[in-house]
Amino acid sequence: MKRSSHNHVTSWSEVKRPIVCLAPMDGVTNSAYRQIVRSLSKDVILFSEFTSVDGLVRSDHVRLRLGYEPCEHPFFMQLFGNSPEIFAEASRMVEERGILGVDINMGCPAKKIVHSQHGSALMQDTDTACRIVETIRKACSLEVSVKTRLGWKNDKNLINFAKTLESSGASMLTIHGRTYNQAFKGEADWEPIYELKRHLSIPVIGNGDIRDYNDGLEHLGNLDGFMIGRAAIGNPWCFLDRRKYPEPTHYERIDLALKHYHLFRRFKKELVAVRSFRKYLGNYVGGFHNAKEWRNRLMQCQNEESFVECMQQIRRIETPLALAG
Ligand SMILES: Cc1cc2nc3c(=O)[nH]c(=O)nc-3n(C[C@H](O)[C@H](O)[C@H](O)COP(=O)(O)O)c2cc1C
């Protein structure tokens, strides 16, 4: 991998281990949230929400997703689709924006995605999966990574599938330790991911059920890194090493949530912003006696003024659990 210094990564072998990643999450890992995570941690590799290659090529509205702030480097744009040529065109657009690389979604289990032969469906079509990687590699000089699952029904084909992706030019793989059939059910199984790493030379990142950085270290085994998804929603502190950084205070939580909200608001109309910010509040607003009641009140807010006022009241009125004894 050759990268200029502007996006900070020059070679995967030089990247500090463990490689810690913010998972791509639709509706969550937009530019505003990536900036918030970056404000706490300079090393986390950030992934965008998945974005349709067909959409990128055809729609001005979808192309807004290519917007980001320089502080977000290093970050990957995650793409989904199934036509190698359209992937190539979309990847060139990503490259023109100076983004580090593209991550190909080969793991989304949503019906709509799989029925269009995108996402997880590519696990069952190794030929197309590999042609996508090869075609992007030929079309541009971006890093090409793939995020996938253990397999369709089981992990029997994982090693073959991953080795073929590696020989097609993928330079990093993330494996979510569940199958397509499991979707989000059951516990993530990391054993097949450790076994896979023994067969590959590119970095392998494990994903599934990690609560925070220290939990990630416990799961790391022989892998190059780990990726955190759900536990990171409204909890950007989860990427910090608890041995070095204390839990955020009550005030830090509220202040960062408000900063996040204002960044988020730049991209959305007022009511849409107030409503869709709710998904982050479960984690941001916690750690004091009346947290549940306040969260309920925040969920009822129908405009920005009442939302911001409610957050400020929490900051003024509530005492953190630790101080309340
Ligand atoms: C709200 C939400 C949106 C997601 N969107 C994406 C996506 O756009 N692309 C993707 O590869 N995975 C997506 N995922 C899956 C996560 O990236 C991750 O693989 C999964 O949540 C397991 O990791 P976790 O246990 O740390 O959450 C999404 C998950 C959630 C909860």
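Of the 325 residues of the chain, 43% count as buried; a residue is buried if 20 or more other C-beta atoms lie within 10 Å of its own, exposed if 12 or fewer, and partly exposed in between, with C-beta atoms placed from the backbone. This is a predicted model, in which local features need pLDDT of at least 70 and side-chain atom pairs count only at pLDDT 80 or more, while totals for chains, interfaces and linings use all residues. Residues are numbered from 1 along each chain as its sequence is written.

**The whole chain**

Display the entire chain as a cartoon. The chain holds 15 helices and 9 strands; these are DSSP runs, helices being H or I of at least four residues and strands E of at least two, numbered from the N terminus. The radius of gyration is 20 Å, close to the 20 Å that the globule rule gives for 325 residues, so the chain is as compact as a globular protein of that length. That radius is taken over C-alpha atoms, and the rule is 2.2 Å times the number of residues to the power 0.38. Along the principal axes, the C-alpha atoms fill a box of roughly 60 × 45 × 40 Å. Among contacts between residues at least 6 apart in sequence, 71% join residues at least 24 apart, a contact being a pair whose C-beta atoms, placed from the backbone, lie within 7 Å.

**First stop: before β1**

Select Arg17 and Pro18, which are joined by a cis peptide bond with omega of about -10 degrees. Pro18 belongs to the segment before β1 (19-22).

**Second stop: between α3 and β4**

Move to His73 and Pro74, where the peptide bond is cis and omega is near -10 degrees. Pro74 sits in the loop between α3 (60-63) and β4 (75-80).

Select Gln117, in the loop between α5 (111-115) and α6. Its phi is near 65 degrees, a positive value in a residue other than glycine. Gln117 is partly exposed, with 15 other C-beta atoms within 10 Å.

Select residues 126-139 (α6) and 158-168 (α7), which pack at an angle of about 25 degrees with their axes 8 Å apart. Axes are lines fitted to C-alpha atoms, for helices over the stretch in contact, and angles run from 0 to 180 degrees between N-to-C directions. The angle makes α6 roughly parallel to α7; angles under 35 degrees count as roughly parallel, over 145 as roughly antiparallel, 65 to 115 as roughly perpendicular and the rest as oblique. Show the side chains of Thr126, Ala129, Cys130, Val133 and Glu134 in α6, which meet Phe161, Thr164, Leu165 and Ser168 in α7. By class, this contact has 5 nonpolar, 3 polar and 1 charged residues. Here Ala, Val, Leu, Ile, Met, Phe, Trp, Tyr, Cys and Pro count as nonpolar, Asp, Glu, Lys and Arg as charged, and the others, Gly among them, as polar.

Go on to Ala183, in the loop between β7 (172-176) and α8 (191-197). Phi of Ala183 is near 50 degrees, a positive value in a residue other than glycine. Ala183 is partly exposed, with 13 other C-beta atoms within 10 Å.

**Last stop: α10 and α14**

Select residues 250-265 (α10) and 304-317 (α14), whose axes come within 10 Å and cross at roughly 165 degrees. That makes α10 roughly antiparallel to α14. Tyr251, Ile254, Ala257 and Leu258 of α10 make the contact with Val308, Met311, Ile314 and Arg315 of α14. These residues divide into 7 nonpolar, no polar and 1 charged.

Note on methods: Contact = placed C-beta atoms within 7 Å.
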